[in-house]
Amino acid sequence: MADNLPSEFDVVVIGTGLPESIIASACSRSGQRVLHVDSRNYYGGNWASFSFSGLLSWIKENQEKTDVRDDSEDWRKLILETEEAISLNKKDNTIQHVEDVCYASQDLAEDVKEAGALPKLPAFGASDTSEAAQESEKECLPVESQSLGTESCEISPESVTCNDPESMTERKDAEMTSERENLCNATFDQSALETGKTENVSTAEATALDPKKITYTQIVKEGRRFNIDLVSKLLYSRGLLIDLLTKSNVSRYAEFKNVTRILAFQEGRVEQVPCSRADVFNSKKLTMVEKRMLMKFLTFCLDYEQHPDEYQDYKECTFSEYLKTQKLTSNLQHFILHSIAMVSEVDSDTIDGLKATKHFLQCLGRYGNTPFLFPLYGQGEIPQCFCRMCAVFGGIYCLRHSVQCLVVDKESGRCKALIDHFGQRINANYFVVEDSYLSEKTCTNVCYRQISRAVLITDQSILKTDSDQQISILTVPPVERGQPAVRIIELCSSTMTCMKNTYLVHFTCSSTKTAKEDLEPVVQKLFSLNAEAERETENGGGLEKPRVLWAVYFNMRDSSGIDRNSYDCLPSNVYVCSGPDCALGNDYAVKQAETLFQEMFPKEEFCPPPPNPEDIIYDGDGAQPEDPGFSSSSNTKTEPSPKEISDEDSCKVSEEHHKE
């Protein structure tokens, strides 16, 4: 039961964001006793994904923020004379300026029940009522022993489904044939990253809706089809997160799709950027001379370190100024700066640009024709995958479980325990706390940045093609020099993030004003905000602008890059994890998680691979495991190309909470 937890742990993690979840899984995997709590009633914190009705509840909660008054001071009686308390936040202050706008027809919308909305908490972290306590007990995992062992998390054949939904025969064969099942289990780390070619379409979703007549009522009714991310990111196919997912075998808990195209916004038009060699030479947008220029420059970027003379004189210049010296046309300079390197025009120097371009090129071809992957059901799946790994190795989870304070020993200056909202004192050696839980007193000297975010539901793609199942990334350059560029990620229904015949469009940039002031001008360039009027055309050329059906704007705190010394009176064994940053990838979160883990356990390996069943020797069994066929001199495993990973080998673990 949640109000009767064990009183001794090695590590307590507060917050279920991505870095905290990675740390929790790494600690649990290394044999530590882990308690992972969150005062929210959902996983992920600011990394979470919501259904449409869940997002409406989140919006309402953040628009109606009220001060949480802790009338009960009983917990203070548990503090001894030799101890002092560091109070934690009871409300979330990381989200501001939340504004949602509905542009679609709202006929009969008030009569539609928003099924599946998140239950409203009394306030952030406030769970003193008996009802909240009972809900907290239900969320604590697992029910009986508070610890999920490896045996209880074995994957049954029924829970494994092949990635190709068109072939039901193959799916049944996979369930009934043990040999096929073993094949799926043996190839989880790579097959989970196989990009699906078809959409998992249910009977209800298969009913075609007229995109011209999508109403707010229909969006609400199909709200379970949406998985809307609070933070918009992609995974580089050779990035730190993909490496960690495959190394730790956490990839078996998720499935990914390849981003299908990279777009550019130039002269008021959206056009596709050629990335691979084949794309470059097949492009009709570039002249033959431009194709040769581009290939020559990209080839140089792949091994630019071997040719320092080419860029030595421009180290102090911005990457944009360096490109102007490379005999590239303005068209190519725009593509490279904003769609390949994706770096700032004024803040990134030559080395930064060359590194980013090289990283982009190295990621091409591993799992598709672009460098990026997107997790099905949204970015919020990734923290939950690591939470699941933590639970498999014995971690205990409690949502709706707030913490009143950290207890610090005055003599040693170390944190020795926490006191939760039940008044229970829980001792631990290390404490990992997400930044938003720290009080204003602790963060007096901390200077935060802000991220401007917008999420749109639209009726058409930004750039229409023969296929309506496109996942696109687009960078819109700033109008004025010095302003931040706006990153746009457009998701189709095959990503399981929106209903059929709609698109989910994420806008992200560093904040200069409120999110709506920063992003609405860009929205108006690309979309029509009047869903009921006749379609607008771009530049009189007859190109129809997609219509926005619904939108939400909000500012999110960026707590990345903050020095530990900025926090006031922080005990040495309390480690702070930041929220999402503004970057496209997840490298910062992975680096932070690994750094903090190594500070706590310097002799332990960070998220090691799970043991191979063939290498396990049971007591009394003197037989040596058979040689799996790998040479001892080979340190690397040949990586299959996307073509070598067949559809029948691409398996995933079905998550029931998506279908409920």
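Predicted model: local features only at pLDDT ≥ 70, side-chain atom pairs only at ≥ 80, totals over all residues.

As a rule, an α-helix has 3.6 residues a turn, so residues three or four places apart point the same way. The rings of F297 and F300 form a tilted aromatic pair, with 6.2 Å from centre to centre and 50° between the planes.

The whole model has 18 aromatic pairs. For an edge-to-face example, pick Y42 and F50: the centres are 4.9 Å apart and the planes make an angle of 75°. Are these two buried or exposed? Both Y42 and F50 are buried.

Next, select Y430, Y575, F597, F601 and F606 together; ring pairs link them into a cluster. While Y575 is on screen, show R564 as well: its charged end sits over the Y575 ring, 5.7 Å from the centre. For another Arg over a ring, jump to R557, which lies over the face of Y448 at 4.0 Å from the ring centre.

## Stop three: salt bridges

How many salt bridges does the structure hold? The count is 17.

Start with R261 and E490, whose closest N and O atoms are 3.8 Å apart. This bridge links distant parts of the chain: R261 is in strand β10 (residues 261-266) and E490 in strand β20 (residues 486-491), 229 residues apart. Colour by accessibility and you'll find R261 buried at 2%, with E490 buried too, at 1%.

Now go to D558 and R449, another salt bridge, with 3.4 Å between the closest N and O atoms. D558 lies in strand β24 (residues 548-558) and R449 in strand β18 (residues 449-458), so this pair ties together parts 109 residues apart in sequence.

K416 is partly exposed, with a relative accessible area of 31%. D409, at 16%, counts as buried because the cut-off is under 20%.

## Stop four: a buried Arg in a loop

Select R40 in the loop between β2 (34-38) and β3 (49-50). R40 is buried, with a relative accessible area of 5%. What does its side chain touch? Show D92 and you'll see a polar contact of 3.4 Å joining the side chains of R40 and D92.

Finish on helix α15 (residues 515-526), which has 12 residues. At 1.5 Å a residue it should span 16 Å, and its end C-alpha atoms are 17 Å apart, which agrees. To see which residues of α15 are buried, highlight A515, D518, L519, E520, V522, V523 and L526.

Notes: Residues numbered from 1 in each chain as written. Heavy atoms only, no water. Salt bridge = Lys/Arg side-chain N within 4 Å of Asp/Glu carboxyl O. Helix = DSSP H or I, 4+ residues; strand = E, 2+ residues; numbered from the N terminus. Buried < 20%, exposed > 50% of the residue type's maximum accessible area, 1.4 Å probe, protein only. Expected span 1.5 Å × (residues − 1). Polar contact = N/O pair within 3.5 Å; in protein donor to acceptor, adjacent residues only side chain to side chain. Phe/Tyr/Trp six-rings, centres within 6.5 Å; stacked < 30°, edge-to-face > 60°. Lys NZ or Arg CZ within 6 Å of the ring centre and 35° of its normal.
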